[in-house]
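Here are my notes on this model, as numbered points. Please read them with the structure open.

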Amino acid sequence: MQHPTRRQILIAAGTSLAGRRAAAQQPARLRRVAILDQGSSEIRSEQWRAFEARLRVHGYIEGSNLALVRRWADGVDARLVQLAQELLAVDPEVVVAITTPAIRTLMRLTDKVPIVMAASADPVATGLVASLARPGGNVTGISLDLTAIVRKRLELMREIVPGSRSLGLLGPGANAGVRAALQQAQQAGRILGIDVRLVEASDAPTIAGAFARLSAQPVDALLVTQVMLQHHRQIVELAARHRLPTGYVDKEFLPVGGLFVFGPERNAPFRHAADYVHRLLRGEKPADLPVMQPTEYWLGVNLRTARALGLKIPSTVLLRADEVID
């Protein structure tokens, strides 16, 4: 058997080393992910930072091997079609969207590009997926458990305003997620003996009009849907002016004077959305990835607002609260 000469060994070693160097110098494959948010960049900046941090855990670094293309509708649904078209024009591998209108807009434009819901209200009832276990199309991600959230918010309002018999749900009736929330609220209300009706509003002028109508047709309390986050300061100010006990989903309402907030832990759905993006970029199919429902919830109470309304927050509520503003 003929053994390799020293020269052959050196050549082979050099060739191997050169190959490794060449491989190391090869740029990492650039993965392109798009984001469509119905709100503004300021409103959910913390959540999107949590999303990006989770992507880094999976090894995706923006500017290195990841390109994130972002579009915000600033609360104007009419902009969603144009923004979605702009995002799809960059040929993303995955699109992440928040709120039902944004997701539905993308679905009308593509049935090929995987869509991850960062948060959606009842995607089965609104037709975004066939079922939570088997989405069946190009959409998967995180669903708000409306049944649990709506029931708990009604129960909290009953504890805080014990004599409440009528309740308004503030939001745009054209939004499929709001309609699903209304249906769930009315079902829960029947069990608790609370009449629930929609208070139609979608932007600053219609919000002002909604509170004006509530003066003529009052309710004992009000719940605000998640899609109204863009107008949180206006809503809290009007609720205080009308001395109307009001509950919210998003944490942003609490420090500006919201009475109480109850909803999913704010950053967890976005971290989970990043996990879905990672799995889709590895080649898994959205139709095969079950929709996740949140298991982490957050409760905040503003005692200053309660005192201004002449309400005493029960100790049973305060003991459960994650944050109390006094």
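1. The open sheet has 7 strands with mixed pairing, in the order β7-β6-β8-β9-β10-β11-β12. Strands here are DSSP runs of E, at least two residues long, and helices are runs of H or I, at least four residues long, both numbered from the N terminus. Two strands pair if DSSP finds at least two bridges between them. β7 (195–200) and β12 (323–325) are the edge strands; each has a single partner strand, so one side of each lacks a neighbour in the sheet. From one strand to the next, the twist averages 20 degrees.

2. The model is predicted: local features need pLDDT of at least 70, side-chain atom pairs count only at pLDDT 80 or more, and totals for chains, interfaces and linings use all residues. Residues are numbered from 1 along each chain as its sequence is written, and side-chain values use heavy atoms, with hydrogens and water left out.

3. Inside the sheet, β9 (residues 246–248) and β10 (residues 260–264) run parallel and are joined by 2 bridges. G247 stands opposite F260 in β10. In general, strands of a sheet pair through backbone hydrogen bonds, either parallel or antiparallel.

4. Helix α7 (residues 204–216) lies across β6, β7 and β8 (221–224), and runs at about 140 degrees to β7. Axes are lines fitted to C-alpha atoms, for helices over the stretch in contact, and angles run from 0 to 180 degrees between N-to-C directions. The other helix is α6 (residues 176–192), which holds Q187. Q187 is partly exposed, at 35% relative accessibility. The bands are under 20% relative accessible area for buried, over 50% for exposed, and partly exposed in between, with a 1.4 Å probe and protein chains only.

5. How do α3 and α4 meet? The axes of α3 (residues 80–89) and α4 (residues 100–109) come within 9 Å and cross at roughly 55 degrees. That makes α3 oblique to α4. Angles under 35 degrees count as roughly parallel, over 145 as roughly antiparallel, 65 to 115 as roughly perpendicular, and the rest as oblique. On the α3 side, the contact (heavy atoms within 4.5 Å) is made by L80, V81, A84, Q85 and L88; on the α4 side, by P101, A102, T105, L106 and L109. These residues divide into 8 nonpolar, 2 polar and no charged. Ala, Val, Leu, Ile, Met, Phe, Trp, Tyr, Cys and Pro count as nonpolar, Asp, Glu, Lys and Arg as charged, and the others, Gly among them, as polar.

6. Please check two backbone angles. D91, in the loop between α3 and β3 (94–98), has a positive phi of about 60 degrees although it is not a glycine. D91 is exposed, with a relative accessible area of 59%. T99, in the loop between β3 and α4, is also not a glycine, and its phi is positive, near 85 degrees. T99 counts as buried, at 9% relative accessibility.

7. Finally, the whole chain. Its secondary structure comes to 11 helices and 12 strands. Along the principal axes, the C-alpha atoms fill a box of roughly 100 × 40 × 35 Å. Buried residues make up 51% of the 326 residues. Among contacts between residues at least 6 apart in sequence, 68% join residues at least 24 apart.
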